[in-house]
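These are my notebook entries on one structure. I set out what I looked up and what I found.

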Amino acid sequence: MLDNLRSKVISIIDQDNTVVEKLQAICDLLKENVAYYDWVGFYFKNGEKDELKLGPYSGEPTDHTIIPFGKGICGQVAVSNQNFVVPDVKAQDNYIACSITVKAEIVVPLFVNGKNVGQIDIDSNTPDPFTRSDERFLEFINAEVAKIL
Ligand code: SME
């Protein structure tokens, strides 16, 4: 399933659209085609500030459009440079709740020339749905996105 989406991601990247349009199309593609992806969005470092700013996303609007480095799952990934897979959000102390329906989350950092410039963030209403396949898939997407940033 995820592997079938890789070629669609590449064709989105190759289209003659703006970066924002491409990122939006990727969010929509993932949310519509992966049953356990209930909210899909990109956060990026906000200029010179040590905070993340929400970019394109697909799913319910969130109040958390700015997240300081270190806060929540997203803010922790901004400083750790590591994937963060959360099977059960209730078990996390440093977590920012966006919706009471969310059970699990995965955040994968996005690197440009080795620098952590942002991340893809996915919330799931299904408990413990994410595997290594999701990590590899999201790493692939971020590597493709890095080419157009
Ligand atoms: N749950 C995230 C905040 C972003 S929302 O999921 C869209 C976190 O703890 O960083």
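Strands here are DSSP runs of E with at least two residues, and helices are runs of H or I with at least four, numbered from the N terminus. The model is predicted, so I note that local features need pLDDT of at least 70 and side-chain atom pairs pLDDT 80 or more, while totals for chains, interfaces and linings use all residues. Residues are numbered from 1 along each chain as its sequence is written, and side-chain values use heavy atoms, without hydrogens and water.

I then looked up the pairing (DSSP finds at least two bridges between two strands). E1 (residues 39-45) and E2 (residues 51-58) are antiparallel over five bridges, and Lys 45 has Leu 52 in E2 as its bridge partner. E2 also pairs with E3 (residues 66-68), in the antiparallel sense over three bridges; there Lys 53 has Ile 66 in E3 as its partner.

Next I took up the helices. H1 (residues 2-14) and H4 (residues 132-146) pack at about 10 degrees with axes 10 Å apart; axes are lines fitted to C-alpha atoms, for helices over the stretch in contact, and angles run from 0 to 180 degrees between N-to-C directions. H1 and H4 are therefore roughly parallel to each other, a term for angles under 35 degrees.

Note on methods: Angles under 35 degrees count as roughly parallel, over 145 as roughly antiparallel, 65 to 115 as roughly perpendicular and the rest as oblique.
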